[in-house]
Amino acid sequence: MFAEPIPNVTVALGRDVNLPCVIDNLGTYKVVWIHVGRQMLVSVHRHVVTRISRFSVSSENQKTWLLHIRSVEKQDRGWYMCQVNTNPMISQVGFLEVVVPPNILDSESTSSTVAVRENQNVTLTCKANGHPDPKIKWRREDNQAITVDRRLKATTYDGEQLNLTKITRNEMGAYLCIASNGVPPTVSKRIIVDVEFSPMIFVPNQLVGAPIGTNVTIDCTTEAFPRAISYWMFNDSMKISTEKYNIETEENGYRANMRLTIRNLQPGDFGNYKCISKNSLGETEGSIRLYEFVKPSVPPKATEIKSSANKEGRKSTVSPPLRRTTTIWPAPYTPYYPKRTERPALREYDRPEESSRARSSSGGSIAGSINTSYLQVLVHEIWLRLWCVLFRIKYHEI
């Protein structure tokens with residue numbers, strides 16, 4: 001009788017495997033191994049019948065009978081039967097699963113390099129075999145999102161075919177087709193997609209100024225694929241790196257940054273410079289005008305202003321504004337308030353200027369008007385002094 005069932009075994013292609021058949025009380029009976037799917041007799045007791053050298057049989061204490069298969073192949077997959085020639089015959093079966101890691105079929109997939117014009121469509125195909133059937137996944141090598149049908153953006157895309165519609169230069173790069181079925185190793189294929197377009201130039205600063213005798217750098221950014229030939233022109237001549245000029249170009253994919261450094265600027269260096277880029281699809285140029293930038297003159301030093309009346313050369317000081325003299329009138333003249341800070345209005349005869357003008361307009365001579373004005377001023381002066389002395393107030397001439 002069978003002591004244990006034959007287990008179902010899974011083995012990777014090319015590995016070795018053993019199928020056990022455990023029997024109690026075998027006695028003189030014989031053990032037979034058969035491949036059911038191919039209807040092939042493998043062995044009878046310890047004798048291997050098949051001509052496949054990879055098969056062999058061994059036993060341990062007449063109880064455990066092992067079927068050995070070396071370097072398993074795909075056709076080894078299937079049901080295996082262990083029989084005992086009793087009457088009636090007894091048997092049991094076990095399944096051998098042979099798994100095959102994925103393998104990408106290059107002959108049925110897109111080539112490693114694809115070229116397409118910008119704004120056109122392209123389809124990438126990747127096919128693989130294996131057991132179980134592998135699944136195909138796409139992603140970009142730079143981990144950027146994949147644009148599918150111009151509506152969907154995803155980091156990965158599943159399927160044997162990847163459709164890129166109206167492709168742009170930003171989608172240029174390497175795409176990875178990854179096939180996996182749970183059986184290591186996972187395999188992948190790298191497909192480079194080149195998007196072709198005519199050159200384009202971007203000029204950050206179209207007007208640059210610099211003084212004579214200095215160094216100045218102008219630059220242009222170009223985009224083109226296939227790779228473009230780029231150079232600088234000035235006065236209908238191509239510029240190359242010399243002691244006067246230094247040319248640098250930094251490339252990053254389809255984009256390149258051009259720099260032109262002009263040393264020790266002279267009057268003849270000012271004018272229009274052109275950066276030109278051309279490839280098999282077209283040609284374009286950018287223009288930069290270099291003009292002379294005049295340095296500002298040195299501002300005059302601050303000088304100390306001295307008064308012309310100060311002969312000793314000392315700093316002139318501004319006199320503080322004159323304070324208006326306030327006269328305090330005595331109480332007898334202000335019955336309603338003990339002190340008053342207003343000066344009484346001058347009477348007609350107290351205003352010498354107005355009296356002088358009035359007399360002059362009446363037809364008097366100029367000399368008489370001057371004498372009369374002088375006498376009035378003198379009288380007015382005496383009257384004011386007497387007034388101040390009378391009320392003990394210091395006089396200030398205004």
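Predicted model: local features only at pLDDT ≥ 70, side-chain atom pairs only at ≥ 80, totals over all residues.

Me: Where do C220 and C275 sit?

Reply: C220 is in strand β22 and C275 is in strand β27 (residues 271-279), so the pair ties together parts 55 residues apart in sequence. Both cysteines, C220 and C275, are buried.

Me: How many disulfides does the structure hold?

Reply: It holds three. With the bonded cysteines numbered in sequence order, the pairing goes 1-2, 3-4, 5-6.

Me: What's the S to S distance for C21 and C82?

Reply: That one is 2.1 Å. The torsion about the S-S bond of C21 and C82 is about -80°, so this disulfide is left-handed.

Me: And how far apart are the sulfur atoms of C126 and C177?

Reply: They are 1.7 Å apart. The torsion about the S-S bond there is about -60°, so the C126 and C177 disulfide is left-handed.

Me: Are C126 and C177 buried or exposed?

Reply: Both C126 and C177 are buried.

Me: Switching topic: what volume does the second largest pocket have?

Reply: About 270 Å³. It is lined by 19 residues, and the closest to its centre are R227, A228, S230, E251 and A256.

Me: Which elements give two or more residues to that lining?

Reply: Those are β22 (216-225), β23 (229-234), β25 (245-252) and β26 (255-262).

Me: How do the lining residues divide?

Reply: Eleven are nonpolar, four polar and four charged.

Conventions
Residues numbered from 1 in each chain as written. Heavy atoms only, no water. 1 Å grid on protein atoms, 1.4 Å probe; cavity = no way out; pocket = protein on both sides within 12 Å on 5 of 7 lines; lining within 4 Å. Points joined across faces, edges and corners; volume = space filled by probe spheres on them. Helix = DSSP H or I, 4+ residues; strand = E, 2+ residues; numbered from the N terminus. Nonpolar A, V, L, I, M, F, W, Y, C, P; charged D, E, K, R; others polar. Disulfide = S-S within 2.5 Å. Buried < 20%, exposed > 50% of the residue type's maximum accessible area, 1.4 Å probe, protein only.
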